[in-house]
Amino acid sequence: MSFDSALIGQFSVFFMVITMAIFVPKSDANCAFQAIFNFGDSNSDTGGFYAAFPSQPSPNGMTYFKRPTGRPTDGRLYIDFLAQGLGQPFVSPYLQSIGSDYRHGANFATLASTVRLPNTSLFVTGVSPFSLAIQLNQMKQFKVRVDELHSSGKTNLPPPGIFGKSLYTFYIGQNDFTGNLAYIGISGVKQYLPQVVSQIASTIKEIYALGGRTFLVLNLAPIGCYPAFLVELPHGNSDIDSFGCMISYNNAVVEYNDMLKEAMEQTRKDLPNANVIYVDIHTVMLELFQHPTSHGLKYGTKACCGEGGGAYNFNPKVSCGNSKIINGQTLNATACSDPYNYVSWDGIHATEAANKLVAYAILNGSYSHPAFSLYKYCDIRPFT
């Protein structure tokens, strides 16, 4: 049985599981959660970064949207599938001024965002100015404006009571982990990871003070299996496991994830009237990288969109959809014709196919701690 079908088969089981969740389950409504407010980086950015800095090239978006939409993948992200599963529209980027509908939440995530405040410029190192602290401030301002404009008849905003009936999702920290990894090594990165975890926890508490009660916090995926990092990060042959992933870097991610899980457990104790859910997507993604053919895929550690071919099809000098002349030769980073067979889209981000499998795991709660099946709270819609 494939991972996909196995997860689907688990849905009926998890639907009957009685969790320790405090949020009031659904009654006559289709879903107890009426909105999603998302905080993160490129893994869940639905167009925020490119609303601020428009430049995303094709073939991004080729699978589902048939055009670039600001998502760094061929189609949908996990947050898109989550919204569809809950029967809601895609979550509009907070930074997108044209065509946005915020009645069902807002997405504050932007590509290259970090948890910690950046100490450099986007134009120097490529780090987004929209760190988690900025995203939190945007959330606070959003709530202020919703309260202020409630009586004005604005049709693209939610009612003021929405904030206690929403999911707050966090998928951020990867850029804190990998941003300087090649230069300062694992030991250097470990020095500030406690700050990353602490800030995520404090952000949850601040949103709780605004009325938020249900928080899904995704851990980090196994970056030691990413084609980009297999090319860029220093390692020896002895550091490669039988699946082609880097052992030391994956072990370091596991240490961070353990730290994050412990912090979420403490946050749960500090906020007894809230659901603080730690979501182990690391296990899901590791399984996909290690056994892609078991789940309807073909390629684990090879990028669909890239340049160079070979085992990884990744060239750090030419990103997906771009061309560059190097030593008189034009190099083109193009997409494969079958992204549905790949785990990795561009060496750093997951394909729509992989994101879909991650979303299944989140919806049924099989990788959540404590167990938290959204089937208990919503009539989950099938993905198209």
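## Disulfide pairing

Numbering the bonded cysteines in sequence order, the chain shows the pairing 1-8, 2-3, 4-7, 5-6. That pattern comes from 4 disulfides found in a search of the whole structure, where a disulfide is a pair of cysteine sulfur atoms within 2.5 Å. A disulfide is a covalent bond between the sulfur atoms of two cysteines.

Before going further, please keep in mind that this is a predicted model, in which local features need pLDDT of at least 70 and side-chain atom pairs count only at pLDDT 80 or more, while totals for chains, interfaces and linings use all residues. Residues are numbered from 1 along each chain as its sequence is written, and side-chain values use heavy atoms, with hydrogens and water left out.

Start with Cys-225 and Cys-245, joined with an S to S distance of 2.1 Å. This link is right-handed, with 115° about the S-S bond. It connects distant parts of the chain, 20 residues apart: Cys-225 sits in the loop between β4 (214-218) and α9 (227-232), and Cys-245 in the loop between α9 and α10 (247-270). (Helices, H or I of at least four residues, and strands, E of at least two, are DSSP runs numbered from the N terminus.) Cys-225 is buried at a relative accessible area of 0%, and Cys-245 is buried at 0% as well. Here buried means under 20% relative accessible area, exposed over 50%, and partly exposed in between, with a 1.4 Å probe and protein chains only.

Cys-304 and Cys-336 are joined at 2.0 Å from S to S. The torsion about their S-S bond is about -100°, so this disulfide is left-handed. Cys-304 lies in the loop between β6 (299-303) and β7 (323-326) and Cys-336 in the loop between β8 (329-332) and β9 (342-344), so the pair ties together parts 32 residues apart in sequence. Cys-305 and Cys-320 form another disulfide, with S to S 2.1 Å, and 95° about the S-S bond makes it right-handed. Both Cys-305 and Cys-320 are buried.

How far apart are the end C-alpha atoms of α10? They are 35 Å apart, which agrees with the 34 Å that its 24 residues should span at 1.5 Å a residue; the expected span is 1.5 Å times one less than the number of residues.

Buried residues in α10 include Tyr-249, Ala-252, Val-253, Tyr-256 and Met-264. The buried residues of this helix pack against α6 (174-178), α7 (181-190), α8 (193-210), β4, β5 (275-279) and α11 (281-290).

## The nonpolar cores

The largest nonpolar core has 97 residues, and those with the most contacts inside it are Phe-37, Phe-177, Ile-200 and Met-264. Helix α12 (residues 352-364) gives the most to this core, with 9 residues. Apart from it lies another core of 6 residues, among them Cys-304, Cys-320, Cys-336 and Trp-345. A nonpolar core is a set of buried Ala, Val, Leu, Ile, Met, Phe, Trp, Tyr and Cys residues joined through side-chain atoms within 4.5 Å.

## The whole chain

Stepping back, the chain has 12 helices and 10 strands. Buried residues make up 54% of its 384 residues. Along its principal axes, the C-alpha trace spans about 60 × 45 × 40 Å.

Technical notes. Contact means heavy atoms within 4.5 Å.
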